[in-house]
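Biologist: I have just opened this entry and would like a short tour. Could we start with the strands?

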Amino acid sequence: MSLRDYIVNVPKVELHVHLEGSMPPETLLELAQKHNVPLPANTLSGVRDWFTFVDMPHFVQIYITISNCLRTAEDIEQLAKDFLRRQAEQNVLYSEITYTPYTHYHQKGIPFREQLNALNRARRWAEAEFGVTMRYIFDIAREVPPEKGIVTAEWVIDAFQNPENAVVALGLGGYEVGHPPEKHAVSFAAAREAGVPIVLHAGEHGGPDSIRGALALGSQRIGHGVQAVHDPALVRELAELQIPLEISPTSNLKLKVFPSLAEHAIQSLIDAGVVVTLNSDDPPMFNTTLTDEFLQCAETFGWDADQVDALILNAARVSLLSASERAALEDRILDGMTMIRAEYL
Ligand SMILES: [Zn+2]
């Protein structure tokens with residue numbers, strides 16, 4: 001009937017979403033009660049209010065609290081199941097989640113293998129239950145010293161060798177300013193040597209130099225990358241090399257990277273020929289979903305169903321699945337698009 005119905009129902013792919021940042025207030029409250037972790041509120045509506053984004057320090061505080069409540073492998077499994085249920089509700093057939101295993105190892109002693117097994121139990125459950133799946137980008141929090149970063153790199157390199165583990169890349173996340181990608185060059189060189197793809201956050205708060213640094217290290221896609229818009233030569237380079245950007249508009253607005261959606265760089269980057277994908281980053285913390293990102297961009301930039309489809313197909317095509325898995329995903333999405341078009345447009 002309408003573009004809105006189409007966006008809600010069309011099959012989607014998401015490449016930039018943090019599992020820890022996807023914890024809904026309901027799960028946080030449940031885990032906090034289970035582990036006796038004090039929260040600023042003891043009711044669901046209170047926790048929801050507290051979740052409302054205020055500023056960066058508040059955001060970091062929520063992230064630390066979430067991490068404090070993930071005490072066991074079962075908690076991680078529950079978080080991943082809740083996440084996949086929400087992805088299925090939005091018809092997100094495939095997600096590449098970013099997850100930071102070192103935090104849960106270092107702070108709470110959960111061995112890497114236990115964390116991986118927990119994620120894989122949730123993944124297989126969602127495959128059987130909803131027909132949706134995920135793969136993992138395990139990231140280094142850029143604040144940690146390089147000798148700690150290499151611990152994550154070694155885990156990823158080892159797990160990547162067996163496709164059953166569903167690990168597809170080594171990532172780099174966290175606050176960019178003061179921590180350029182080169183800081184962890186040793187980890188990313190080791191990953192590349194082992195044939196492991198690398199996907200770095202760059203050009204969110206950091207400028208074009210940060211993006212150039214990530215490209216020099218061999219980043220296959222760029223998480224955010226929106227600051228490229230201040231450097232026309234870099235935009236041309238991204239377009240020519242077809243380096244995909246994982247753009248999360250609501251996250252950028254909340255973190256004050258752009259003053260408004262109308263002033264966001266996404267449309268000008270698309271117009272310049274850059275491969276753009278749309279993502280939600282930390283959805284409950286930014287009070288968004290992947291569906292909402294599409295709805296708001298379509299409204300602000302006047303996108304039609306073809307433009308929505310183009311971004312979804314970009315994500316499927318630049319995902320880190322094997323070539324045959326990627327082709328199967330693309331076929332499934334195209335079939336879904338045809339079906340949903342017949343029904344809603
Ligand atoms: Zn991110």
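Modeller: Strand E2 (residues 92-99) and strand E3 pair in the parallel sense over six bridges; strands (E, at least two residues) and helices (H or I, at least four) are DSSP runs numbered from the N terminus, and two strands pair if DSSP finds at least two bridges between them. This is a predicted model: local features need pLDDT of at least 70, side-chain atom pairs count only at pLDDT 80 or more, and totals for chains, interfaces and linings use all residues. Residues are numbered from 1 along each chain as its sequence is written.

Biologist: Which residue in E3 is the bridge partner of Tyr-94?

Modeller: The partner of Tyr-94 is Thr-133.

Biologist: How many residues of E3 are buried?

Modeller: Seven of the nine residues in E3 (residues 133-141) are buried, that is, with 20 or more other C-beta atoms within 10 Å of their own; 12 or fewer counts as exposed and anything in between as partly exposed, with C-beta atoms placed from the backbone.

Biologist: Turning to H8, why is Glu-147 classed as exposed?

Modeller: Glu-147, which lies in helix H8, is exposed because 9 other C-beta atoms are within 10 Å.

Biologist: What separates the C-alpha atoms of Glu-147 and Ser-187?

Modeller: They are 8.7 Å apart, while the two residues are 40 residues apart along the chain.
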